[in-house]
Amino acid sequence: MKFSSVLFSLLAGIMMLPAAQGAVEARPAPDLSFRNEVQLAINRGLGWLEKSQDTNGWWSTQELPALTALALTAFKGDPSGRYRSQEPAFVRRGYAYLLASVKPDGGIYHSNLVTYNTAISMVALAAAERPEYDPVLRQARRLLVSLQGDFDEPGKTDNPVDGGIGYGTKYKHSDMGNTLFALEALYYTRHLAKDRPAEEKDLNYEAAIHFLQNCQNLPSHNPQPWVSGDAKNKGGFIYYPGHSMAGSETNAQGRVTLRSYGSISYGGLLSYLYANLKKEDPRVLAVYDWLRGNFTLEENPGMGPQGMFYYYLMMSKALTAYGRDEL
């Protein structure tokens with residue numbers, strides 16, 4: 001099993017940070033046996049991670065701080081809480097490596113994938129709950145905000161990809177993956193913008209929602225020609241306007257529509273919540289209905305086995321944020 005697959009499956013079993021919005025619905029008494037089974041699985045995963053760390057503090061590769069950040073977030077999110085108050089030496093080495101990866105522009109990366117590396121590293125730093133990391137997080141926030149797309153007339157959402165975020169300063173394109181992780185990092189560090197509103201420019205969330213709805217198969221809110229309103233696709237998401245990893249369909253009249261798929265549709269639900277849309281918003285309800293109608297643990301709907309662990313991760317995080325234990 002690949003390193004990233006182990007991390008994704010491990011993170012899927014962990015409540016990393018508080019739910020994204022509102023009070024969670026009343027739940028039945030916990031199943032203690034199941035809870036113990038989950039904790040045992042988490043313990044095994046964390047044990048594997050501890051043994052897999054490089055002596056210099058990073059996991060898997062020195063070039064991608066995000067992988068180290070995923071591991072650190074897993075330790076900080078352990079439900080037992082044993083890595084929160086007292087950090088073992090290997091966790092401290094991991095954080096030291098992240099801090100050493102900070103660039104003058106505020107990003108946390110080495111040479112590429114600026115948004116992914118910065119955003120995922122921010123979540124790990126925020127999970128540490130250490131005030132001394134706040135200056136690093138503030139600088140990283142400023143970088144992510146600066147990467148928000150505005151591709152045609154400045155200040156207007158006149159391009160379908162306006163409001164989203166791409167891979168970094170060299171990429172003139174937005175996509176759902178980078179936008180999701182940026183929204184997540186900004187959400188969990190939002191207190192740093194609220195306590196200094198005059199100093200900290202925040203993301204244009206109206207523009208971000210413009211981008212998100214332009215990735216959704218929902219004719220009532222997305223007028224693009226590829227949008228599908230049929231039952232198989234309505235409400236679900238694609239990767240960016242005009243492109244779906246699940247491909248396209250052509251109807252009898254020759255009209256080409258893009259297929260929704262599971263992992264990015266859970267990412268769309270999560271992104272809407274991070275962008276402060278209410279659960280009752282028709283766009284949120286539409287993607288939730290698509291996910292409910294396409295629920296399975298056997299595949300990533302629309303993608304088959306491709307991206308299964310990412311699908312599990314997105315599912316667990318999105319349904320936690322939405323406040324649903326069952327579909």
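Student: How many salt bridges does the count come to?
Tutor: The count comes to eleven salt bridges. Keep in mind that this is a predicted model.

Student: What makes R130 and E87 a salt bridge?
Tutor: Distance and atom type. The rule asks for a side-chain nitrogen of Lys or Arg within 4 Å of a carboxyl oxygen of Asp or Glu. The closest N and O atoms of R130 and E87 are 3.1 Å apart. That is within the cut-off, so the pair qualifies. The general idea is simple: side chains of opposite charge can pair when their charged atoms come close.

Student: Is R130 called buried, exposed or partly exposed, and why?
Tutor: Partly exposed. Its relative accessibility is 29%. Buried means under 20% and exposed means over 50%, so R130 falls in between.

Student: And why is E87 put in its class?
Tutor: E87 has 13% relative accessibility. The limit for buried is under 20%, so E87 counts as buried.

Student: How do you know that K156 and E153 form a salt bridge?
Tutor: Their side chains meet at 3.6 Å, N to O. The cut-off is 4 Å, so the pair passes. K156 is partly exposed at 46%. E153 is partly exposed too, at 41%.

Student: What about E249 and K232: what makes them a salt bridge?
Tutor: The closest N and O atoms are 3.1 Å apart, so they are within the 4 Å limit. E249 lies in strand β1 (residues 248-250), and K232 lies in the loop between α9 and β1. E249 is partly exposed at 22%. K232 is at 53%, over the 50% line, so K232 counts as exposed.

Student: Which residues are joined into one network?
Tutor: K76, E87, R130 and E132, through salt bridges that share partners.

Student: Let's move to helices. Why is α9 called largely enclosed?
Tutor: Eight of the nine residues of α9 are buried, so the helix is largely enclosed by the rest of the structure. The buried residues are Y205, A207, A208, I209, H210, F211, L212 and Q213. What covers them includes α7, α10 and α11 (282-293).

Student: Why is α9 called roughly antiparallel to α10?
Tutor: α9 and α10 pack at an angle of about 165°, with their axes 10 Å apart. Angles over 145 degrees count as roughly antiparallel, so α9 is roughly antiparallel to α10. The crossing is left-handed. Y205, I209, L212 and Q213 of α9 make the contact with S271, Y272 and Y274 of α10. By class, that contact has five nonpolar, two polar and no charged residues.

Student: What does α9 do against α7: at what angle do they pack, and how far apart are their axes?
Tutor: Helix α7 (residues 176-188) and helix α9 (residues 205-213) pack at about 150°, with axes 11 Å apart. Their crossing is left-handed. M176, T179, L183 and L186 of α7 meet Y205, F211 and L212 of α9. Six of the contact residues are nonpolar, one is polar and none is charged.

Student: How do α5 and α6 cross?
Tutor: At roughly 150°, with axes that come within 10 Å. α5 passes α6 in a left-handed crossing. The contact divides into ten nonpolar, two polar and one charged residue.

Student: Last, two single residues. Why is S265 called buried?
Tutor: S265 has 0% relative accessibility, which is under 20%, so the label buried applies. S265 is found in helix α10 (residues 262-274). Setting aside residues up to four places away in sequence, S265 touches G236, F237, S260, V287, W290 and L291.

Student: And why is N36 called exposed?
Tutor: Its relative accessible area is 53%, over the 50% cut-off, so N36 is exposed. N36 is found in helix α2 (residues 32-52). The C-alpha atoms of N36 and E280 are separated by 34 Å.

Key
Residues are numbered from 1 along each chain as its sequence is written. This is a predicted model: local features need pLDDT of at least 70, side-chain atom pairs count only at pLDDT 80 or more; totals for chains, interfaces and linings use all residues. Side-chain values use heavy atoms; hydrogens and water are left out. Axes are lines fitted to C-alpha atoms, for helices over the stretch in contact, and angles run from 0 to 180 degrees between N-to-C directions. Helices (H or I, at least four residues) and strands (E, at least two) are DSSP runs, numbered from the N terminus. A crossing is left-handed if the near helix is turned anticlockwise from the far one by less than a right angle, and right-handed if clockwise. Contact means heavy atoms within 4.5 Å. Ala, Val, Leu, Ile, Met, Phe, Trp, Tyr, Cys and Pro count as nonpolar, Asp, Glu, Lys and Arg as charged, and the others, Gly among them, as polar. Buried means under 20% relative accessible area, exposed over 50%, partly exposed in between (1.4 Å probe, protein chains only). Angles under 35 degrees count as roughly parallel, over 145 as roughly antiparallel, 65 to 115 as roughly perpendicular and the rest as oblique.
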